[in-house]
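Hi everyone, thanks for making time. Please have a look at the sequence and the structure, and then I'll walk you through a few spots.

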Amino acid sequence: MGLFNKIKDIFNKEQKEQQEDNKIKKYEKGLTKTRTDFVSKLINLTNKYSKITEDFFLELEEVLIMADIGVPTVMSFMDRLRNRVKQEKIESPKDLKEIIVDELFIIYVNDEIIVNKINYNNEGPTVILFVGVNGVGKTTTIAKLAYKLKQEGKKIMLIAGDTFRAGAYEQLMSWSEKIGTSFYGKEESSDPSSVIYDGIKKSLEEKSDVILIDTAGRLQNKVNLMNELAKINKVIGNLIPNAPHETLLVIDATTGQNGISQAKEFKKLTNITGIVLTKLDGTAKGGIVLAIKEELNIPVKFVGLGESKTDLETFDIDKYIYGLFKDMI
């Protein structure tokens, strides 16, 4: 290998390491509210008790539930923790710090290969459908993902399939102008399927790499929404076989367990392939990530860790656990 290539490899390696370091810092910063509240309570609890007692377990259980980890997840976790304490003959709560981190990681991974990447189509454009109730940051999330993918060199088309919410069309069009992507929508239309059909036709003509489609979030009328999503899926599949390749459900992390309830309802209506968790930096209950995996068995694919267009990150369980427990590790 020549000197130039060696230098280039060193530079590329340093760049990758810098990018990884920046991502870890984003998780650290984004999970500050949760870490400050949740981990401080854990540390106080381990300092309060000199021995592991049933009272210690009950208080620990309460701390975990208050972090929005979810009751079923907490119950499963507590069973595992009790077993380890018994088997390993652990007596001091201070010795449990690493085990608590370890067990929460194990519960999320559960011997599975966690797939948090986009399922790209190798034979034409990749279609990503976004669903979620109004107010969760769905349109902004689409724009952030579009910006992220554009930075990776992909040609993007945004389609305004939410034809019911006032201003949805203008909002997505404005974002497309800001980040420099193609856009299709109709200012006045009641039929999202026809808008999506025309938008996909346009994207095929333009040879887009990725098509991001917004949809309406009227969960209160579940029958209509289910019929609408079924029709949208059929229209997409007729134009691009096996599409949509991803159906991402956007959940606002600050809504806590209400977000889990929304996910359960949407799961009944359509095939959800992944979760985008917005505003994770805005809640002290970031444990919802663990609850989503345990209760829904749907991978969290992206997390919002800030307001800017660069603050949508591919979810990484290692960085999440580190950002959550940094002060304990």
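Predicted model: local features only at pLDDT ≥ 70, side-chain atom pairs only at ≥ 80, totals over all residues.

Let's start with Pro244, which sits in the loop between α9 (222-239) and β5 (246-252). The peptide bond that leads from Ala243 into Pro244 is cis, with omega near 0 degrees.

Residues are numbered from 1 along each chain as its sequence is written, and side-chain values use heavy atoms, with hydrogens and water left out.

Where is Lys207? Look in the loop between α8 (192-206) and β4 (210-214). Lys207 counts as exposed, because its relative accessibility is 67%. For these words, buried is under 20% relative accessible area, exposed is over 50%, and partly exposed is in between, using a 1.4 Å probe and protein chains only.

Now look at Ser208, in the loop between α8 and β4. Is Ser208 buried or exposed? It's buried, with a relative accessible area of 6%. Leaving out residues up to four places away in sequence, Ser208 touches Pro125, Lys155, Met157 and Ser203. Touching, or contact, means heavy atoms within 4.5 Å.

Lys279 is another non-glycine with a positive phi, about 55 degrees. You'll find Lys279 in the loop between β6 (274-278) and α11 (288-296). At 32% relative accessibility, Lys279 counts as partly exposed.

One more loop residue: Gly153, between α6 (138-151) and β2 (156-160). Gly153 is exposed, at 61% relative accessible area. If you go from Gly153 to Asp214, you cover 61 residues in sequence and 22 Å in space, C-alpha to C-alpha.

On to helix packing. Two packed helices are described by the angle between their axes and the distance between the axes. The axes here are lines fitted to C-alpha atoms, for helices over the stretch in contact, and the angles run from 0 to 180 degrees between N-to-C directions.

Take helix α4 (residues 71-87) and α11: their axes come within 8 Å and cross at roughly 90 degrees. So α4 and α11 are roughly perpendicular to each other. The cut-offs go like this: under 35 degrees is roughly parallel, over 145 is roughly antiparallel, 65 to 115 is roughly perpendicular, and the rest is oblique. On the α4 side, Pro72, Thr73 and Ser76 make the contact, and on the α11 side it's Leu290, Ala291, Glu294 and Glu295.

The other pair is helix α2 (residues 32-48) with helix α12 (residues 317-325), packed at about 65 degrees with their axes 8 Å apart. α2 and α12 are therefore roughly perpendicular to each other. Thr34, Arg35, Phe38, Val39 and Leu42 of α2 meet Gly323, Leu324 and Phe325 of α12. By class, that contact has five nonpolar residues, two polar and one charged. Here Ala, Val, Leu, Ile, Met, Phe, Trp, Tyr, Cys and Pro count as nonpolar, Asp, Glu, Lys and Arg as charged, and the others, Gly among them, as polar.

While we're at α12, find Ile317 in that helix. Ile317 counts as buried, at 11% relative accessibility. Apart from neighbours within four places in sequence, Ile317 is in contact with Phe105 and Tyr108.

Last stop, pockets. A pocket is found on a 1 Å grid over the protein atoms alone: it's an open set of points where a 1.4 Å probe fits, with protein on both sides within 12 Å along at least five of seven lines, and lining residues have an atom within 4 Å of a point.

What is the volume of the largest pocket? About 740 Å³, where volume is the space filled by probe spheres set on the points, and grid points are joined across faces, edges and corners. Of the 30 residues lining the largest pocket, Lys23, Lys148, Glu152, Glu313 and Thr314 are the closest to its centre. That lining divides into 11 nonpolar, six polar and 13 charged residues.

The second largest pocket holds about 170 Å³ of space. Its lining includes Lys279, and α6 gives the most to that lining, with three residues.

Key. Helix = DSSP H or I, 4+ residues; strand = E, 2+ residues; numbered from the N terminus.
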